[in-house]
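I opened this model to look up its fold and a handful of residues. My entries are kept in the order in which I checked things.

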Amino acid sequence: MGNKKVEGLRRFANSLEIFSAHCLKVADKQGKTVPFVWNHAQEVLHERLEEQLKETGKVRAIVLKGRQMGISTYVSARYYHKTTMNFGKRTLIVAHQQKSTNNLFDMVKRFHKHNPLPVSTANSNAIELVFDKLDSKFALATAGTEDVARGMTAQLAHLSEFGFWSNGHKHMAGLGNTVPDTEGSEIIIESTANGLGNAFHQMWCDAEAGRGEFIAVFLPWFSEPSYRATVKEGFALLIVLYTVLSPRI
């Protein structure tokens with residue numbers, strides 16, 4: 001293997017952003033297959049996760065996101081990179097519905113299909129993508145099942161749209177045993193908001209208050225520049241102030 005190729009592989013292994021742009025393909029909003037170049041929200045999330053990884057040796061993050069910001073895409077790319085660049089990595093993908101789980105898995109399979117440097121696969125099926133030479137794999141589960149990933153051990157877990165999981169607390173108790181508390185392990189929980197008092201809301205409040213090991217990452221819709229529109233000529237901002245008066249007794 002030539003020195004240039006070795007250097008190229010080293011750059012891909014050491015930089016997820018470079019790997020994403022040069023080796024991974026995604027479907028854009030027009031349905032075209034294009035290189036995965038990060039947007040602003042993905043850059044912000046990556047920075048926060050890498051900061052925690054450097055400080056603690058592992059990632060435990062809960063992400064409150066706006067819609068269609070590519071956060072699931074980023075997490076899928078992050079874990080595809082780690083699973084195909086290392087030996088013995090087990091990655092678990094869990095979403096609230098089977099359709100959503102399948103969509104995330106399809107994204108990973110698209111990564112692999114278009115990767116110019118793919119690793120060997122064998123014995124893969126509808127719920128697993130096995131990289132046999134690395135002894136690594138992706139596995140799927142759905143939060144609608146009674147025991148999510150029971151009996152499985154994974155180092156990386158992507159829990160998608162957690163705010164919509166039923167029995168989220170029960171599932172998290174089981175998933176806590178699935179991912180060992182070891183160096184390099186990661187659990188990334190991401191979701192759009194969905195009411196108050198559910199497992200996602202409670203975990204978010206704890207993380208935001210600094211309770212526990214999860215960090216809170218807030219990515220509102222306006223953090224993505226592509227969702228902003230140019231202000232039209234003649235636009236005037238109307239500010240209305242309301243005063244609430246208590247009834248006199």
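The entries below go from the whole chain to the sheet, the helices and then single residues.

**Ground rules.** I am working with a predicted model, in which local features need pLDDT of at least 70 and side-chain atom pairs count only at pLDDT 80 or more, while totals for chains, interfaces and linings use all residues. Residues are numbered from 1 along each chain as its sequence is written, and side-chain values use heavy atoms, with hydrogens and water left out.

**Whole chain.** I looked up the secondary structure and found seven helices and nine strands in the protein chain. Helices here are DSSP runs of H or I with at least four residues, strands are E runs of at least two, and numbering starts at the N terminus. Of the 249 residues in the protein chain, 44% are buried. Buried stands for under 20% relative accessible area, exposed for over 50%, and partly exposed for what lies in between (1.4 Å probe, protein chains only). I then checked contacts, meaning heavy atoms within 4.5 Å. Among those between residues at least 6 apart in sequence, 72% join residues at least 24 apart.

**Sheet.** In what order do the strands of the open sheet run? I read S5-S6-S4-S7-S8-S3-S9, seven strands with mixed pairing. Two strands pair if DSSP finds at least two bridges between them. The edges are S5 (128-131) and S9 (215-219), each of which pairs on one side only. On average, neighbouring strands of this sheet are turned by 15 degrees against each other, direction ignored. Axes are lines fitted to C-alpha atoms, for helices over the stretch in contact, and angles run from 0 to 180 degrees between N-to-C directions.

I took two pairings from the sheet. S4 (residues 90-95) and S7 (residues 156-160) run parallel and are joined by four bridges. Leucine 92 stands opposite alanine 157 in S7. S5 and S6 also have four bridges, in the antiparallel sense. Glutamate 128 has alanine 139 in S6 as its bridge partner.

**Hairpin turn.** S5 and S6 form a hairpin with four residues between them. Aspartate 135, in the loop between S5 and S6, has a phi near 55 degrees, which is a positive value in a residue other than glycine. Aspartate 135 counts as partly exposed because its relative accessibility is 48%. Asparagine 123 also has a positive phi, near 55 degrees, and lies in the loop between H5 and S5. Asparagine 123 is at 70% relative accessibility and so counts as exposed.

**Helices on the sheet.** H5 (residues 98-114) lies across S4, S5, S6 (136-142) and S7, at about 160 degrees to S6. H7 (residues 199-208) lies across S3 (59-65), S8 (186-191) and S9, at about 115 degrees to S3.

**H2 against H4.** H2 (residues 16-23) packs on H4 (residues 71-84) at an angle of about 100 degrees, with the axes 10 Å apart. That makes H2 roughly perpendicular to H4; the class covers 65 to 115 degrees, with under 35 as roughly parallel, over 145 as roughly antiparallel and the rest as oblique. H2 contributes Leu16, Phe19 and Ser20 to the contact, and H4 contributes Tyr74, Ala77, Arg78, Tyr80 and His81. I sorted the residues of this contact into five nonpolar, two polar and one charged. In this scheme Ala, Val, Leu, Ile, Met, Phe, Trp, Tyr, Cys and Pro are nonpolar, Asp, Glu, Lys and Arg are charged, and the others, Gly among them, are polar.

Is histidine 81 buried or exposed? Histidine 81 is buried, with a relative accessible area of 8%. Leaving aside neighbours within four places in sequence, histidine 81 is in contact with Phe12, Ala13, Ser15, Leu16 and Phe19.

**Aspartate 181.** Aspartate 181 lies in the loop between H6 (168-178) and S8 and counts as exposed at 56% relative accessibility. Not counting residues up to four places away in sequence, aspartate 181 touches Lys58, Arg60 and Glu213.

**Cysteines.** I searched for disulfides (cysteine sulfur atoms within 2.5 Å) and found zero. Cysteine 23 counts as buried at 0% relative accessibility, and cysteine 205 counts as partly exposed at 30%.
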